[in-house]
Amino acid sequence: MVIDYTAIGMRIKIARIKAKITQEMLADKTGLSNIHISNIETGNAKMSLPSIINIANALSVSVDELLCDNVVCSNHIFSKEAQEVLADCSSYDIRILVEVLKATKEILRKNERFRANTI
């Protein structure tokens, strides 16, 4: 199993920015160095389980939210993100985005059938 540390780091950075916390503040709250936080956010450093728990607690997010790109059963996290994306959209925006999603899903399903037939 390959762990996508860049995706985890990006989610940590997004959560930190949403929480209006600087890297230095996060470092202070977690006991990690400022440089280590920077390296985590860019995917250049691996984290221990205690570190990711400390980061999640400091940012008031669940570990699921930080790891969802690496965990198979993460639909509830992605559904929540979709709701957040749609929250400030107009009815027109939502209509267009739903059409894009439908078209994307249709293409994915066609590719799945094609891939299954070529194996």
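Being 4 residues apart in helix α7, Glu106 and Lys110 are separated by about one helical turn; helices here are DSSP runs of H or I with at least four residues, numbered from the N terminus. The model is predicted, so local features need pLDDT of at least 70 and side-chain atom pairs count only at pLDDT 80 or more, while totals for chains, interfaces and linings use all residues. Residues are numbered from 1 along each chain, and side-chain values use heavy atoms, with hydrogens and water left out.

**Salt bridges**
- Glu106 and Lys110 form a salt bridge with closest N and O atoms 3.4 Å apart, the term denoting a side-chain nitrogen of Lys or Arg within 4 Å of a carboxyl oxygen of Asp or Glu.
- Lys110 is partly exposed at 46% relative accessibility; buried means under 20% relative accessible area, exposed over 50%, and partly exposed in between (1.4 Å probe, protein chains only).
- The whole structure contains 7 salt bridges.
- Arg11 and Asp69 meet in another, at 2.5 Å from N to O, which links helix α1 to the loop between α5 and α6 across 58 residues.
- Arg11 is buried at 15% relative accessible area, whereas Asp69 is partly exposed at 38%.
- A network of salt bridges joins Arg11, Asp69 and Glu81.

**Nonpolar core**
- The largest nonpolar core has 19 residues, being buried Ala, Val, Leu, Ile, Met, Phe, Trp, Tyr and Cys residues joined through side-chain atoms within 4.5 Å.
- Its largest share, 5 residues, comes from α4.
- Beyond its neighbours within four places in sequence, Met47 is in contact (heavy atoms within 4.5 Å) with residues including Tyr5, Ile12 and Ile55.

Terms used. Helices (H or I, at least four residues) and strands (E, at least two) are DSSP runs, numbered from the N terminus.
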